[in-house]
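Me: Hi! I have a structure open and would like to talk it through with you. Could you help me find my way around?

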Amino acid sequence: MSGLYLGLMSGTSLDGVDGVLADFSTARCRVAHHAFAPFTPEMKAELLALNTAGPNELHRAALAANALARTYAGVVQALLRQAGLAPAAVRAIGVHGQTVRHRPQAFDGTGYTLQLNNPALLAELTGIDVVADFRSRDVAAGGQGAPLVPAFHQGLFGQPGRTVCVLNLGGISNLSVLGADGSVLGFDCGPGNALMDHWCQRHTGQPFDAGGAWAASGQVLPELLQALQAEPYLALPPPKSTGRDLFNPTWLEDRLAAFATAAPADVQATLTELTASACATDVLRYADESKTLIVCGGGALNGHLMRRLAALLPGVAVASSEAHGLPPLQVEAAAFAWLAHRAVERQCGSLASVTGAAGPRVLGAIYPA
Ligand SMILES: Nc1ncnc2c1ncn2[C@@H]1O[C@H](COP(=O)(O)OP(=O)(O)OP(=O)(O)O)[C@@H](O)[C@H]1O
Ligand SMILES: CC(=O)N[C@H]1[C@@H]2OC[C@@H](O2)[C@@H](O)[C@@H]1O[C@H](C)C(=O)O
């Protein structure tokens, strides 16, 4: 049976879909191809709108899920073309879907996490088995349903006898602490790029602050930084996860109200510092013995953010995951290819030490081709 899997990730940044072709036929995961399809501005706006309550949500969510499946299918076709493969050569596709609500915390049976997706349509369009809905089983078992990548990080980046930290800087930031003794801790630190992207789009018309150049041109506003850092989520102990449900434009506007005259570039510098300081504080809090921080996700391409992280973590080697064998925009997609592989093999994909679930579980639902 083929060890080739496709992984598709469209995350909280809402920039588009990253896809990889990965080979799990040997012990070490090998990523052979990468493709990216940006969301159109209309699709991005609709997905963003669906993150909050609005009119006729069920119908709009179903249409958005169909559009997502077609975009995912385009990425699959691009990867098959690149690799010169027929659909039958691929064992399965792991597709995350688009998170529009993430509220797992309730312990009264009302907790849930919701990823828009149409895996049946994706199976129909590609002729490949599809694995989807990776988070809800962990939530059903009392877990956060996120983050799920720490188990994959451990296999890829873990080093026996040394504690290694892996930081994903997506729309939200999440940290994996891969302990020297094989233990794994993981949780969402807080904001990643989402607030910076929002501010940048609003004031410069650009979807993100390329290289962090705009933030680097501003000055951190200490009082604003303090107000942002006062967010109680940042001090909560793990297990914990968050999303746009909390860190959204309304959250930012509420805190900016007292800083109406602040220069936009200074706010961008401060938002970048918020992400850097929240993540660095967590590294020091949960892995102060670690000398290695591997950074993945699009934030690894933000040079200013990377320099701020390094400055806040003296003695720690802060480097992009590229330097450790896998480019930053491929890590999460590869994780979902791996999670599909685990589901197909009926192996657990989650770590109860990370999500707080009653135990590890086989994650995902399989839609045969
Ligand atoms: N050259 C760059 N300079 C600065 N930032 C960048 C650059 N390239 C990408 N980014 C940032 O990375 C983001 C995309 O990152 P990524 O694809 O890892 O996020 P995601 O998968 O949507 O998020 P999540 O991990 O939260 O699910 C962009 O929205 C942008 O903020
Ligand atoms: C609910 C949800 O979509 N969570 C995402 C989000 O984006 C980053 C962070 O918040 C992380 O917890 C998770 O994604 C990665 C892939 C994960 O599950 O590990």
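Me: Which residues does Cys 29 touch, not counting residues up to four places away in sequence?
Reply: Cys 29 touches Ala 22, Phe 24, Gly 155, Leu 156, Ala 334 and Trp 338. Two residues are in contact here if their C-beta atoms, placed from the backbone, lie within 7 Å. Bear in mind that this is a predicted model, where local features need pLDDT of at least 70 and side-chain atom pairs count only at pLDDT 80 or more, while totals for chains, interfaces and linings use all residues. Residues are numbered from 1 along each chain as its sequence is written, and chains are lettered from A and ligands numbered from 1 in the order in which they are written.

Me: Is Cys 29 buried or exposed?
Reply: Cys 29 is buried, because 22 other C-beta atoms lie within 10 Å. The cut-offs are 20 or more other C-beta atoms within 10 Å of its own for buried, 12 or fewer for exposed, and partly exposed in between, with C-beta atoms placed from the backbone.

Me: Where is Cys 29 found?
Reply: Cys 29 is in the loop between E2 and strand E3 (30-38). Strands (E, at least two residues) and helices (H or I, at least four) are DSSP runs, numbered from the N terminus. The C-alpha atoms of Cys 29 and Ala 335 are separated by 9.8 Å, with the two residues 306 apart along the chain.

Me: Changing topic: what surrounds ligand 1?
Reply: There are 25 residues around ligand 1, and the closest are Gly 11, Ser 13, Gly 170, Asn 193 and Gly 298. A residue is near a molecule or strand if its C-beta atom, placed from the backbone, lies within 6 Å of it.

Me: What does UniProt say about Gly 11?
Reply: An unreviewed UniProt entry places the feature "binding site" at several positions, including Gly 11 and Leu 14. UniProt positions are given in the numbering used here, feature names are shortened, and annotations may be inferred rather than shown by experiment. Gly 11 lies in the loop between strand E1 (4-9) and strand E2 (16-23), and Leu 14 lies in the loop between E1 and E2.

Me: Why does Leu 14 count as buried?
Reply: Leu 14 counts as buried because it has 20 C-beta neighbours inside 10 Å. Leaving aside neighbours within four places in sequence, Leu 14 is in contact with Phe 39, Lys 44, Leu 47, Leu 48 and Gly 171.

Me: And which residues come nearest to ligand 2?
Reply: Thr 99, Ala 146, Pro 147, Val 149 and Ile 172 come nearest, out of 18 residues around ligand 2. Strand E5 (98-103) and strand E9 (172-178) each supply at least two residues of that shell.

Me: Where does ligand 2 lie?
Reply: Domain 1 (4-145 + 340-367) and domain 2 (150-324) both give residues to the shell around ligand 2, so ligand 2 lies between them. Those bounds come from an automatic or database domain assignment.

Me: How far apart are the C-alpha centres of the two domains?
Reply: The centres of domain 1 and domain 2 lie 23 Å apart. The contact takes 21 residues from domain 1 and 22 residues from domain 2.
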